[in-house]
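Thanks, everyone, for making time this morning.

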Amino acid sequence: MISMDRNTSPISPLDDNAIAEVIKATRIHEYPGDEIDTFKQLYADYYNIDKTILEVANGSDEWIQKAIMTLGQNGVMTLDPDFVMYHEYANQIDVPVYTVACDAHFTFDFEQVIKAVERHHPSLFLISVPHNPTGQMFKAKELQSLADAMEAVGGYLVLDEAYFEFGPAYKRPVGEHVLIIRTLSKMFGVAGLRIGIAIAQEETFKKITRLNHPYPVNSLSLNLASKIFTEQSALDDFIRYQLDSKEHLVASLRQVADKINIIDSNTNFVLTYGENARHLADYLKTHGYQARIYDEPPLENAVRYSIIGLEDYGSFNQLIKEWSDQYDSKGTQDEGNENIHITG
């Protein structure tokens, strides 16, 4: 079964020789103090940011959990849908979670979002940018208005940028109350290393890092991650592969744009929805391609496809075409996709 349901890279950014070299050089009998400093400097240099405003943890999930624990005591707000772990970590410490629902086509009215902030006064708002699970990119003015609203109620805004390298550059909201969370699991393809990054300033930085362990990430993970950033040519090729796979995924699904709704995506996945979306996913599953299928509203008629190896798109395309031909031969009435969005 080819997995298209986990939003991870289909290949590794490091070959066997590079991994073996790092393993041999890793000092597992020592604490990873130097390794942390080295990785943080490499990451800061790559993004041209100040090393002193970033910190690492065991995946971006740990930063989400810590942000809720340290900043979310008076309630957490998020969009519906958004990353499910926002709810999970809020439930762990029994803080209320408020949500703002999407419309029938999974878009959000930020005027309603701001009104909800003003009504509930949450101490923390978490939002994935680009959005998970839809892949849409929010407008800069929408995000800034959200940041302003949170500042007005004395709260904090978390921008969960797990997929931001797949989308266009955007103007981030500014302010000491804004926290950025990132990961190496998506574009950099090392979900198994569990490396998350938090970027914040002043008191916000102090608050979210006060629960830190002395050595939050192990030496081997840090050294492997550092190896990625020291091999610039290989990293460029790897990123190109990821983006090429995304283009192939979009092109594959575009074949049936008259039968399913496809949301324009700025991530490494594409969300489809509508009655026929489930039919297609079921057909693909019986032939070896497992997409992400949802059961709970508002995603009960939605299906998400993650990128796969480039060599797997030939069969994937053929299966989609076969499904489409069978659909047409049955004379099934499509559902009237008046709001289709196609990438590219």
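The structure holds 17 salt bridges, and please keep in mind throughout that what you see is a predicted model.

Let me start with Lys227 and Glu21, which form a salt bridge whose closest N and O atoms are 3.0 Å apart. Lys227 sits in helix H8 and Glu21 in helix H1 (residues 16-25), so this pair links distant parts of the chain, 206 residues apart. Is each partner buried or exposed, or something in between? Lys227 counts as buried because its relative accessibility is 12%, under the 20% cut-off, whereas Glu21, at 48%, is partly exposed.

A second pair, Lys66 and Glu62, meets in a salt bridge at 2.8 Å, N to O, and here both residues belong to helix H3 (residues 60-71), four residues apart, which is about one turn of the helix. Lys66 is buried with a relative accessible area of 4%, and Glu62 is buried as well, at 12%.

Coming back to helix H8, its axis and that of helix H2 (residues 33-47) come within 9 Å and cross at roughly 30°; that angle is under 35 degrees, and therefore H2 and H8 are roughly parallel to each other. Their crossing is left-handed.

How values were computed
Residues numbered from 1 in each chain as written. Predicted model: local features only at pLDDT ≥ 70, side-chain atom pairs only at ≥ 80, totals over all residues. Heavy atoms only, no water. Axes fitted to C-alpha atoms, helices over the stretch in contact; angles between N-to-C directions. Helix = DSSP H or I, 4+ residues; strand = E, 2+ residues; numbered from the N terminus. Parallel < 35°, antiparallel > 145°, perpendicular 65-115°, else oblique. Left-handed = near helix turned anticlockwise from the far one by under 90°. Salt bridge = Lys/Arg side-chain N within 4 Å of Asp/Glu carboxyl O. Buried < 20%, exposed > 50% of the residue type's maximum accessible area, 1.4 Å probe, protein only.
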